[in-house]
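Try each task before you read its solution.

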Amino acid sequence: SSHVSCFQSAMIYYEPGWQSVLSRWIGTVWPEIMAQVICFLIYVLCAYAVIMHLGHDLVHQGHSLLGHTVSYFMVFRANVSYQRYWLGRTNVTDFFLTIRDLMSWLCIMLEGGEATRRQRWWREKGRMTRAQFTEMMDAHDYYCSESRANIVRWCVAFAVTFKMYIRMAADGYINEAITPATKWALE
């Protein structure tokens, strides 16, 4: 089928053993850096052939070549992981800020009834007491108050659903195994 899952290119961190991590192709950086690795391998083999032809001893210097190469790859992987972490954290923060802004905007745009309008204008002259506000409330104020409460409820429910989805995504979509406890929590 021509459909490719977006999770096929995701990195999988939950592996049963180290052999499967070393032999993995999909979800790794190998497809992107294979040309550079082959060029580097050819360079190392040529350098080794020249050194052997000239008769130099690599016993004292061989570990430094391998050490520098492994260190380079470790720093590269750590840098990529750090960038992915901050990209994910930024996206999640933006998501929750957008929910907060939407909730605030919707609550502000609900005008309400006569009591809400008067309270808004009386702020310059002095606050209304709770008793005065309750006495002036009409049907529009009650509907507006109920709508604002529903907006807050739905935004909180949306945020909680998003968190639950993110937490179960690794088990369900990447490893394809959702436990009965996770299924129960989602329902």
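**Exercise 1: aromatic pairs**

The ring-pairing rule gives a count of seven aromatic pairs in this predicted model. Classify the pair made by phenylalanine 95 and phenylalanine 96 as stacked, tilted or edge-to-face.

*Solution.* 
- Step 1: start with the ring centres, which sit 5.5 Å apart. The cut-off for a pair is 6.5 Å, so the two rings qualify.
- Step 2: take the angle between the planes, 75°. Planes over 60 degrees apart count as edge-to-face, so that is the label for Phe95 and Phe96.

**Exercise 2: around phenylalanine 162**

Work out where phenylalanine 162 sits and which residues it touches, leaving out those up to four places away in sequence.

*Solution.* 
- Step 1: find the element. Phenylalanine 162 belongs to helix H6, which covers residues 139-174.
- Step 2: list the partners. Phenylalanine 162 touches Val92, Phe95 and Phe96.
- Step 3: Phenylalanine 95 is 67 residues away from phenylalanine 162 in sequence, yet their C-alpha atoms are 9.5 Å apart.
- Step 4: Phe95, Phe96 and Phe162 share one aromatic cluster with Phe158.

**Exercise 3: buried, partly exposed or exposed?**

Assign a class to phenylalanine 95, phenylalanine 96, isoleucine 108 and methionine 109.

*Solution.* 
- Step 1: recall the limits: buried is under 20% relative accessible area, exposed is over 50%, and partly exposed lies in between.
- Step 2: phenylalanine 95 has 22%, so it is partly exposed. Phenylalanine 96, at 29%, is partly exposed too.
- Step 3: isoleucine 108 comes out at 64% and therefore counts as exposed. With 54%, methionine 109 is exposed as well.

**Exercise 4: the whole chain**

Summarise the chain: how many helices and strands are there, and what share of the residues is buried?

*Solution.* 
- Step 1: count elements. There are seven helices and zero strands.
- Step 2: read off burial. Of 187 residues, 13% count as buried.
- Step 3: The accessible surface is about 15,400 Å², and carbon and sulfur atoms account for 65% of that.
- Step 4: finish with contacts. Taking those between residues at least 6 apart in sequence, 52% join residues at least 24 apart.

Technical notes. Residues numbered from 1 in each chain as written. Predicted model: local features only at pLDDT ≥ 70, side-chain atom pairs only at ≥ 80, totals over all residues. Heavy atoms only, no water. Buried < 20%, exposed > 50% of the residue type's maximum accessible area, 1.4 Å probe, protein only. Helix = DSSP H or I, 4+ residues; strand = E, 2+ residues; numbered from the N terminus. Contact = heavy atoms within 4.5 Å. Areas by Shrake-Rupley, 256 points an atom, 1.4 Å probe, with all protein chains shown as cover. Phe/Tyr/Trp six-rings, centres within 6.5 Å; stacked < 30°, edge-to-face > 60°.
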